[in-house]
Amino acid sequence: MSLQKALEELGYGPCYHMQIAIKRVHHLRFFMRAWHGRKVNWKGFFRRYNSVVDWPTCAFYRELMEVYPEAKILLNVRDPEKWYDSMYETIWAIQPAFPFWFPRIVRRLHDEIIWDGNLKGAFEDRQKAISVYKNYIEEVRKTVPANRLLVYEVSQGWEPLCAFLGVPVPEGRPFPNKNDRKSFKRLITLLRILNWLLPLLVAGAAMMIMLALL
């Protein structure tokens, strides 16, 4: 989210993020069609966006490199141990909190593209998952031409990002610092509440209807 906000501040907004995808079932269906090899219209899908970050889009970086041959690629990296901890406390942790009435495609996308796809079914084994993560970074380094690629850590701030994009460093503006873990924890709490609250409300409404009919 920090990178998303930074790109938008630099004039590359709106920036597409997983938080946008998760709220739109038809977007999730689009990504699943692409994942299963069906022809999709990437330019049409992203016509309202000027940059993209995060899953599920990053799973298609090869395809997008061809569709947008002038686009630059950001390989956003971090310490592998911290990466695992962050994943474990956010995307992994949110799955058990999905309410029973949540669209099934949300879990399907997580399972097929993230856990069994990019992470090769290894996430429950910390060291295997970290090895997959490191191999993925090397794969991207080898795949993307050097003149189109920036290997970047958010902690580096504005300078390398702005230099890569050819834009001036924002004067007097700190680099965005969005805490994904806090956002996810709030969302997980909300989903857990909804998981038991909705059936309670339905039961209460049914009781009121029954009493009204007596």
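Trainee: What should I keep in mind about the model?

Mentor: This is a predicted model: local features need pLDDT of at least 70, side-chain atom pairs count only at pLDDT 80 or more, and totals for chains, interfaces and linings use all residues. Residues are numbered from 1 along each chain as its sequence is written, and side-chain values use heavy atoms, with hydrogens and water left out.

Trainee: What volume does the second largest pocket have?

Mentor: About 180 Å³. The search runs on a 1 Å grid over the protein atoms alone; a pocket is an open set of points where a 1.4 Å probe fits, with protein on both sides within 12 Å along at least five of seven lines. Volume is the space filled by probe spheres set on the points, which are joined across faces, edges and corners.

Trainee: Which residues line the second largest pocket?

Mentor: A59, Y61, R62, E63, G117, N118, K120, V132, N135, Y136 and E139. A lining residue has an atom within 4 Å of a point. The elements giving two or more residues are α5 (61–67), α8 (104–118) and α9 (126–143). Helices (H or I, at least four residues) and strands (E, at least two) are DSSP runs, numbered from the N terminus.

Trainee: Which element gives the largest share of that lining?

Mentor: α9, with four residues.

Trainee: And how do the lining residues divide by type?

Mentor: Four nonpolar, three polar and four charged. Ala, Val, Leu, Ile, Met, Phe, Trp, Tyr, Cys and Pro count as nonpolar; Asp, Glu, Lys and Arg as charged; the others, Gly among them, as polar.

Trainee: Switching topic. How many salt bridges are there?

Mentor: Seven. The rule is a side-chain nitrogen of Lys or Arg within 4 Å of a carboxyl oxygen of Asp or Glu.

Trainee: What does E9 bridge to?

Mentor: R173, with the closest N and O atoms 3.3 Å apart. E9 is in helix α1 (residues 2–9) and R173 in the loop between α10 (158–165) and α11 (180–213), 164 residues apart.

Trainee: And E81?

Mentor: E81 bridges to R126, closest N and O atoms 2.8 Å apart. E81 sits in α6 (residues 80–89) and R126 in α9, so the pair connects parts 45 residues apart in sequence. Salt bridges with shared partners join E81, D85 and R126 into one network.

Trainee: Which residues of α6 are buried?

Mentor: W83, Y84, S86 and M87. Down the axis of α6, the buried residues fall within an arc of 165 degrees, so they line one face of the helix. The arc is that of the directions from the helix axis to the C-beta atoms.

Trainee: What happens at the start of α6?

Mentor: A side-chain oxygen of D79 reaches to within 3.0 Å of the backbone nitrogen of E81.

Trainee: Backbone next. Which peptide bonds are cis?

Mentor: G13 to P14 is cis, omega near -5 degrees. W55 to P56 is also cis, omega about -5 degrees. P14 is in the loop between α1 and β1 (15–16), and P56 in the loop between β2 (51–52) and α5.

Trainee: Is K120 buried or exposed?

Mentor: Exposed, at 63% relative accessibility. K120 also belongs to the lining of the second largest pocket.

Methods
Buried means under 20% relative accessible area, exposed over 50%, partly exposed in between (1.4 Å probe, protein chains only). A polar contact is a pair of N or O atoms within 3.5 Å; within protein, one must be able to donate a hydrogen and the other to accept it, and residues adjacent in sequence count only if both atoms are side-chain atoms.
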